[in-house]
Structure formats: structure tokens, C-alpha cells
Amino acid sequence: MSGAGMGTVQSVDRALDLLEALAGRGGEAGISELSAATGLPYGTIHRLLRTLLARGYVRQESDRRYALGGTLVRLGGVAERRVGAWAQPYLEKMVALSGETANLAVLEGDFIVYVAQVPSPRRLRMFAEVGRRVLPHSTAVGKVLLADRPDAEVAALVERTGMPRRTANTITGLPGMLAELERVRRQGYALDLGEEEIGVHCLAVGVNDGSRTVAAMSVSGPAERIDTLDRAELAEGMRRIAAEFGAELGGPL
């Protein structure tokens with residue numbers, strides 16, 4: 001967790017630490033868990049939570065645990081729209097690089113949400129509707145985002161959601177998924193080879209803002225076209241574009 005430094009306000013830093021700790025635990029935690037995650041004393045946590053409760057950033061459940069609140073949904077929706085707008089020129093570069101549709105997606109709770117897209121100029125092209133929510137295990141963008149998480153966190157997520165079979169190619173078991181995520185970490189990109197939709201292949205890379213992978217960018221198209229591309233060369237070009245976008249997201253205000 002961050003600590004107050006030059007130019008920062010300690011109470012704001014600590015409040016944000018609490019929100020990030022809640023998000024890192026699936027959106028809900030008790031006081032003792034928050035203290036262990038942030039290093040803050042119980043009294044400080046109680047004071048900060050009172051303010052966050054009053055503003056709707058957190059809520060208290062019937063079992064006295066704390067959860068992320070509805071105010072964040074409104075703010076998150078606005079932020080997603082802005083990130084989608086910022087991503088457009090970078091997605092256009094990916095279309096120019098690959099000739100295929102380019103997408104931007106984020107992990108929201110247990111689901112992948114597509115937040116921006118630039119379509120391929122080709123007549124036969126793939127679409128992932130902006131705003132669409134899917135489980136991460138069957139998509140290239142989902143694999144990239146899960147690969148940035150510890151295996152224990154991935155296991156907890158799939159225990160909550162299951163791993164339903166979308167096609168005959170979908171990975172439906174945790175051991176297989178953990179092995180797949182290790183390949184993603186090793187090679188620096190993820191593939192969806194007809195795992196979400198038969199006949200559609202995708203390649204995805206992560207967008208890192210300097211501290212973590214905050215989004216994934218992909219190109220998707222008909223399997224016969226994607227399979228003619230040099231995957232390593234395409235992934236290298238996509239990583240360069242994603243790094244430019246990540247630098248913008250993580251740049252100074």
C-alpha cells in the first residue's frame with residue numbers, strides 16, 4: 001500500500017488504501033482484514049470508514065463487514081467512458097498494424113467489460129459490443145488480466161463464477177487455466193483460439209500504467225485471417241502500442 005509522500009495528503013492516501021484493499025478482496029472485507037492489508041490501526045480505519053460511508057464510497061453489510069459502495073459505480077462509469085476515449089488513437093494503431101478489429105477491456109469485479117473498440121476496415125469483421133460483460137476464462141483479454149493476478153486470486157474468482165464451456169475449445173478446469181496463465185506471463189500475450197466463439201481468434205496484450213495491468217487490448221477476427229499473422233511479431237507491435245497508452249494513463253497530472 002502507498003504511504004503519504006511529498007505533495008500528498010496522508011488522510012486521502014489512507015482512504016484510497018482502504019478502497020484498494022476492499023477491491024483487492026472482491027469488494028468486501030472486515031476491519032481486521034483491512035488492518036492487515038493496509039497496516040493501519042483500527043481507530044484510524046473506523047474514522048476513515050465513517051467518512052466513506054457518509055459519502056457512499058463504502059457501505060456496511062448486515063454482518064458488519066464493509067463493501068464498496070454505489071458512488072463508485074457512478075464514478076467508474078464516467079472513468080470507463082473517458083478511458084475508452086483516450087484509447088481510440090491507440091486502438092486505431094492496432095487496427096493499422098493487424099488489419100483487424102481492436103478492443104479495449106477491463107476487469108470489473110469478476111467480469112470482463114469491453115469499454116472501447118475500433119472496427120476493422122474489412123467487410124467481414126468481428127464485433128464485441130462496447131459494454132458487453134463476459135467471464136474472463138474464455139477470452140484473450142480475460143487471460144491477460146488474470147495473468148497479472150496471483151494464482152490464489154484466480155482460483156477464488158473461478159470458484160465464484162465457475163468456468164462454463166462456451167465452445168469445445170474452452171478451458172473449463174482450474175489446473176488448465178493456471179497453466180495457460182503461466183504461458184501468458186512467459187510469452188507476454190494471450191490467445192483465444194475459438195474459446196469464446198467458434199471461428200473467431202483473438203490476441204491480447206496488457207496495458208500497464210506503471211504499477212499494474214489496468215486493461216487489456218486485443219485484435220480479433222476470423223480464425224483463417226488471424227492464423228496467417230506472425231503471432232510473435234504482432235504481439236511485439238501491440239505491446240509497443242499498449243506501452244504508449246499505459247504511459248499516458250500513468251503519466252503525471
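Modeller: Helices are DSSP runs of H or I with at least four residues, numbered from the N terminus. The model shown here is predicted, and S35 has its place in helix α2.

Biologist: Is S35 buried or exposed, and which residues beyond its sequence neighbours is S35 in contact with?

Modeller: Buried means under 20% relative accessible area. Because its relative accessibility is 16%, S35 counts as buried; once the neighbours within four places in sequence are set aside, the contacts of S35 are with L40, Y42 and I45.

Biologist: How should I read the packing of α2 with α3, and at what angle do their axes cross?

Modeller: Two packed helices are described by the angle between their axes and by the distance between those axes. In this model the axes of α2, residues 31–38, and α3, residues 42–54, come within 10 Å and cross at roughly 110°, which means that α2 is roughly perpendicular to α3. On the α2 side the contact is made by I31, S32, L34, S35 and T38, and on the α3 side by Y42, I45, H46 and L49. By type, the residues of this contact divide into five nonpolar, four polar and no charged.

Biologist: Which feature does UniProt place at residues 9–70?

Modeller: An unreviewed UniProt entry gives "domain: HTH iclR-type" for residues 9–70. In the model this span is 60% helix and 13% strand, and its end C-alpha atoms lie 24 Å apart.

Biologist: Where is R64 found, and what is its phi?

Modeller: R64 is found in the loop between β2 (58–60) and β3 (66–68). Its phi is near 75°, a positive value in a residue other than glycine. With 61% relative accessibility, R64 counts as exposed.

Biologist: How many residues has the largest nonpolar core, and which have the most contacts inside it?

Modeller: In soluble globular proteins, nonpolar side chains tend to be buried together. Here the largest nonpolar core has 27 residues, and those with the most contacts inside it are L91, M94, L104, L203, M217 and F245. Two or more residues are given to this core by each of α4 (70–98), β4 (101–108), β5 (111–118), β8 (200–208), β9 (213–222) and α9 (231–250). Leaving aside neighbours within four places in sequence, L91 is in contact with residues including L104, A116, V118 and M217. Apart from this core lies another, of 25 residues, among them A140, L145, V184 and A190.

Note on methods: Residues are numbered from 1 along each chain as its sequence is written. This is a predicted model: local features need pLDDT of at least 70, side-chain atom pairs count only at pLDDT 80 or more; totals for chains, interfaces and linings use all residues. Side-chain values use heavy atoms; hydrogens and water are left out. Axes are lines fitted to C-alpha atoms, for helices over the stretch in contact, and angles run from 0 to 180 degrees between N-to-C directions. Angles under 35 degrees count as roughly parallel, over 145 as roughly antiparallel, 65 to 115 as roughly perpendicular and the rest as oblique. Contact means heavy atoms within 4.5 Å. Ala, Val, Leu, Ile, Met, Phe, Trp, Tyr, Cys and Pro count as nonpolar, Asp, Glu, Lys and Arg as charged, and the others, Gly among them, as polar. UniProt positions are given in the numbering used here, feature names are shortened, and annotations may be inferred rather than shown by experiment. Buried means under 20% relative accessible area, exposed over 50%, partly exposed in between (1.4 Å probe, protein chains only). A nonpolar core is a set of buried Ala, Val, Leu, Ile, Met, Phe, Trp, Tyr and Cys residues joined through side-chain atoms within 4.5 Å.
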